[in-house]
Amino acid sequence: MRAAVLPLEQIPPINRGANPVGYDPGVRLVPRFPVDDRQLSALHARAFGDAPDEVQPWAQRLERHALTWVGAFDDGELIGFVQVCWDGGKHAFLLDTAVAPDRRHHAVGTRLVQAAADEARAAGCSWLHVDFEAPLRHFYIDRCGFRTTRAGLMSLPVVATA
């Protein structure tokens, strides 16, 4: 059962476990925070090089498809984000891990993934899956504790219809 989205000031921060190297105690992790589409789209654009002015309907997508999501905030500014989708059973899927470029290498991403894993575990999931490209191997395998597996990926390009 998913929790309701509360106003940001009513959501207690997540402070679990040991602090990773580079930990910034001023960063507050907040699960299921009220999403501002412009704010999250801007973070995503900075993190992934997307079109900076394109606003995506994040709040609607997350409410419809995500088990949970976690934001990292510093003095009210969204500096990191991750979402967890699921199959409704034991499998959860980590998506859109994003950290503002100027905040990378301060354990924000690692803490976001840990919090997402905790949230998935609390929802009854036994497995957390993630796909990533080779340059992110160190982050996901060495820093976050994922293990490598054999998996498949199929590209689904848009097919033009006549």
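## Questions on the model

Analyst: This is a predicted model. Val55 is placed in the loop that joins helix H1 (37-48) to helix H2 (58-65).

User: Is Val55 buried, partly exposed or exposed?

Analyst: Buried means under 20% relative accessible area and exposed means over 50%, with partly exposed in between. The relative accessibility of Val55 is 38%. Val55 therefore counts as partly exposed.

User: Which residues is Val55 in contact with, leaving aside its neighbours within four places in sequence?

Analyst: Val55 and Leu40 are 15 residues apart along the chain, and their C-alpha atoms are separated by 8.5 Å. With neighbours within four places in sequence left aside, the contacts of Val55 are Asp37, Arg38 and Ser41.

User: In what order do the elements of the protein run from the N terminus on?

Analyst: The protein has four helices and five strands. Read from the N terminus on, these elements run β-α-α-β-β-β-α-β-α.

User: Which element gives the most to the largest nonpolar core?

Analyst: This core has 24 residues, and Leu94, Leu112 and Phe146 touch the most other members. Elements that each supply at least two residues of this core include strand S1 (27-31), strand S2 (66-74), strand S3 (77-86), strand S4 (91-99), helix H3 (108-122) and helix H4 (137-143). With six residues, the element that gives the most to this core is H3.

User: How many residues are in the second, separate core?

Analyst: Among the members of this second core are Phe33, Val35, Phe73 and Leu78. The number of residues in this separate core is 13.

User: Which residues does Leu112 touch, not counting those up to four places away in sequence?

Analyst: Leu112 is one of the residues that touch the most other members of the largest nonpolar core. Not counting residues up to four places away in sequence, Leu112 touches Leu29, Val70, Gly71, Ala72, Gly80, Phe81, Val82, Ala98 and Val99.

User: What percentage of the residues in the protein is buried?

Analyst: Cys85 has 13% relative accessibility, so Cys85 counts as buried. Cys125 also counts as buried because its relative accessibility is 9%. Of the 162 residues in the protein, the buried share is 36%.

User: How many disulfides does a search of the whole structure find?

Analyst: A disulfide is a covalent bond that links the sulfur atoms of two cysteines. To count here, a pair of cysteine sulfur atoms must lie within 2.5 Å. Over the whole structure, the number of disulfides found is zero.

How values were computed: Residues are numbered from 1 along each chain as its sequence is written. This is a predicted model: local features need pLDDT of at least 70, side-chain atom pairs count only at pLDDT 80 or more; totals for chains, interfaces and linings use all residues. Side-chain values use heavy atoms; hydrogens and water are left out. Buried means under 20% relative accessible area, exposed over 50%, partly exposed in between (1.4 Å probe, protein chains only). Contact means heavy atoms within 4.5 Å. A nonpolar core is a set of buried Ala, Val, Leu, Ile, Met, Phe, Trp, Tyr and Cys residues joined through side-chain atoms within 4.5 Å.
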